[in-house]
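Subject: Structure handover

Hi,

Here is the structure for you to look over. My notes on it follow below.

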Amino acid sequence: MRILKQRKTADVMINFRKALPQRERFLFVVSYTINRKLVRKMVDIDLKTDGKKFRYRAGGLLINDDKILFVRSSVGDYYYVIGGGVHIGESSEEAAEREFSEETGINAKADRLAIVCENFFKDKVGDIDGLDCHTLEFYYFMTADEKDIQKCKTISDAGEKLVWLTLGNITEYNIKPSFIKDIIDEIACRKDVIHIICDSDR
C-alpha cells in the first residue's frame, strides 16, 4: 500500500512537470530536487509541546580492545551513546552511521541492530531542562577498520569529550540510558534485537 501511494505521488509530480513550459519545467525539477535533499539533510524528527518532548534518535556502539566509545556530556556528569536525531527521509541505520562519523571521525558501519529503546526521562540540564522527554532510540553495533579507529577524535563536533570506557569496570560510570551499563555483556553476546522500555530516569 505504501509503495502504491509513493508511485501515485510520483505520477502526479511527473504529470504536473509535463504541463509546464520547457523553462519552468527545468526550474521545477531543480527546485524539487534541491528541496528534497535539504529536507532529508536538515530536519530532525523532534517534537516539543506543552512541556513534553519527543525525539527519534539513532546511535552506535563501537567496541575495541575491550573498551567501548562514549560521549561525556558537557552539561551533566554522565556519559551517553554516540548518536543523534534521525532526519526526515533517513533510516535509523543511515542516521547511526552519519552521526557516528560526524561525532568521532570514524567511518564506521552499522553491523547489526542491537537495541530498540522507548526511553522516558526528565532532566535538569540544557534545552531539555524540566521537560518530560520521550525518545525512540535505535542502537546499532558498529564495525570499523583499525586504521579508521585510530582517526578517532578526542572532542566531538559538539565540543564534548569522546572517551573509551573499559568494559570490565563500566558499571562504575554514570551512563545514560542507565540500562546500558547493566546489560552491556548481554547486549554484546546476543544476536537478536533487545526491546527495552526504560523509565528509571524519570
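The protein chain has six helices and 11 strands. Please keep in mind that this is a predicted model. The chain runs to 202 residues, and 39% of them count as buried. Take the contacts with a separation of 6 or more: 68% of them join residues 24 or more positions apart.

**Cores**

The largest nonpolar core holds 23 residues. Which of them touch the most other members? They are Leu69, Phe100, Ile106 and Met142. Five elements are listed as giving two or more residues to this core: strand 2 (52–61), strand 4 (67–72), helix 3 (92–104), strand 7 (109–122) and strand 8 (132–143).

Setting aside residues up to four places away in sequence, Phe100 touches Gly60, Leu62, Leu69, Ile82, Gly105, Ile106, Ala108 and Met142. Three of those names, Leu69, Ile106 and Met142, stand beside Phe100 in the list of members that touch the most others.

There is also a second, separate core. This one has 21 residues, including Ile115, Tyr139, Ile187 and Ile196.

**Largest pocket**

By element, two or more lining residues come from each of strand 2, strand 6 (82–85), helix 3, strand 7 and strand 8. Strand 8 contributes the most, with five residues. By type, the lining divides into 16 charged, 11 nonpolar and nine polar residues.

**Histidine 195**

His195 lies in strand 11 (residues 194–201). Beyond its neighbours within four places in sequence, His195 is in contact with Val116 and Glu118. His195 and Val116 are 79 residues apart in sequence, yet their C-alpha atoms are 4.8 Å apart in space. With Glu118 the link is polar: the side chains of His195 and Glu118 make a polar contact at 2.7 Å.

Over to you.

Terms used. Residues are numbered from 1 along each chain as its sequence is written. This is a predicted model: local features need pLDDT of at least 70, side-chain atom pairs count only at pLDDT 80 or more; totals for chains, interfaces and linings use all residues. Side-chain values use heavy atoms; hydrogens and water are left out. A nonpolar core is a set of buried Ala, Val, Leu, Ile, Met, Phe, Trp, Tyr and Cys residues joined through side-chain atoms within 4.5 Å. Buried means under 20% relative accessible area, exposed over 50%, partly exposed in between (1.4 Å probe, protein chains only). Helices (H or I, at least four residues) and strands (E, at least two) are DSSP runs, numbered from the N terminus. Contact means heavy atoms within 4.5 Å. Ala, Val, Leu, Ile, Met, Phe, Trp, Tyr, Cys and Pro count as nonpolar, Asp, Glu, Lys and Arg as charged, and the others, Gly among them, as polar. A polar contact is a pair of N or O atoms within 3.5 Å; within protein, one must be able to donate a hydrogen and the other to accept it, and residues adjacent in sequence count only if both atoms are side-chain atoms.
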